[in-house]
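Please look over the sequence and the model shown here before reading the report that follows.

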Amino acid sequence: MKRTLKLTAAALGAALLVPILATTAQADASDCEESTFCFFYNSNEQGSHTALRVRDVPDLAGYTFASPGNGQGQHLKNNAASAVSNVCMTVTVFYNSNYGGPRDAFNYRNSGNLVNTYNENASVIFAKDC
């Protein structure tokens, strides 16, 4: 027995629809203002970011990614993949809260992916270099 599939015009139109993905504005390294240290949700300074002013933070649990882009609204702690330093000092990101464990350091005007603290970042300290 042979079955025949009949499609109405509406069903055929629905079957042929191609989803269109909405694009959202993505943050990038140029969005990190002077005198701030920015964490980015994605690698290569992409996705949502949040900026910290010169202030040591022993536990990043209270911070979220604030700008538009992937990760907006997510907790900063243990979710950052890259960073930009626009502060005239060395900024060190630590794996553990209270400045412990493996770390990544960024000098003035440095940016890049977190290596030792990729998605495992819990605290940050600003050293008075400049």
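## The disulfide

A disulfide is counted here when two cysteine sulfur atoms lie within 2.5 Å of each other. In this predicted model, the sulfur atoms of Cys-32 and Cys-38 are 2.2 Å apart, and the two residues therefore form a disulfide under that cut-off. A search of the whole structure finds one such disulfide.

The torsion about the S-S bond of Cys-32 and Cys-38 is about 95°, so the disulfide is right-handed. Both Cys-32 and Cys-38 are buried.

## Strand β1 and its partners

Cys-38 stands opposite Val-84 in β3, a strand made of residues 82-85 that pairs with β1 in the antiparallel sense over four bridges. β1 itself covers residues 37-42.

β1 is also joined to β2 (residues 46-52) by five bridges, and these two strands run antiparallel as well. Within this pairing, Phe-37 stands opposite Leu-52 in β2. β1 and β2 form a hairpin with three residues between them, and in that turn Asn-44 has a positive phi of about 60°.

In soluble globular proteins, nonpolar side chains tend to be buried together. Here the largest nonpolar core holds 17 residues, and the members that touch the most others are Phe-37, Phe-39, Leu-52, Leu-60, Val-93, Val-124 and Phe-126. At least two residues of this core come from each of β1, β4 (90-96) and β7 (123-127).

Which residues does Leu-60 touch, not counting those up to four places away in sequence? Leu-60 touches Phe-39, Leu-52 and Val-124, and beyond these Leu-76, Lys-77, Asn-121, Ala-122 and Ser-123.

## The fold as a whole

The secondary structure of the protein comes to one helix and seven strands, and from the N terminus on the elements run α-β-β-β-β-β-β-β. Among contacts in the protein with a separation of 6 or more, 55% are accounted for by residues 24 or more positions apart.

Of the 130 residues of the protein, 35% count as buried, including Cys-32 and Cys-38. The accessible surface of the protein comes to about 7800 Å², and 53% of that surface belongs to carbon and sulfur atoms.

How values were computed
Residues are numbered from 1 along each chain as its sequence is written. This is a predicted model: local features need pLDDT of at least 70, side-chain atom pairs count only at pLDDT 80 or more; totals for chains, interfaces and linings use all residues. Side-chain values use heavy atoms; hydrogens and water are left out. A nonpolar core is a set of buried Ala, Val, Leu, Ile, Met, Phe, Trp, Tyr and Cys residues joined through side-chain atoms within 4.5 Å. Buried means under 20% relative accessible area, exposed over 50%, partly exposed in between (1.4 Å probe, protein chains only). Contact means heavy atoms within 4.5 Å. Two strands pair if DSSP finds at least two bridges between them. Accessible areas come from the Shrake-Rupley method with a 1.4 Å probe; for residues, only the protein chains shown count as cover.
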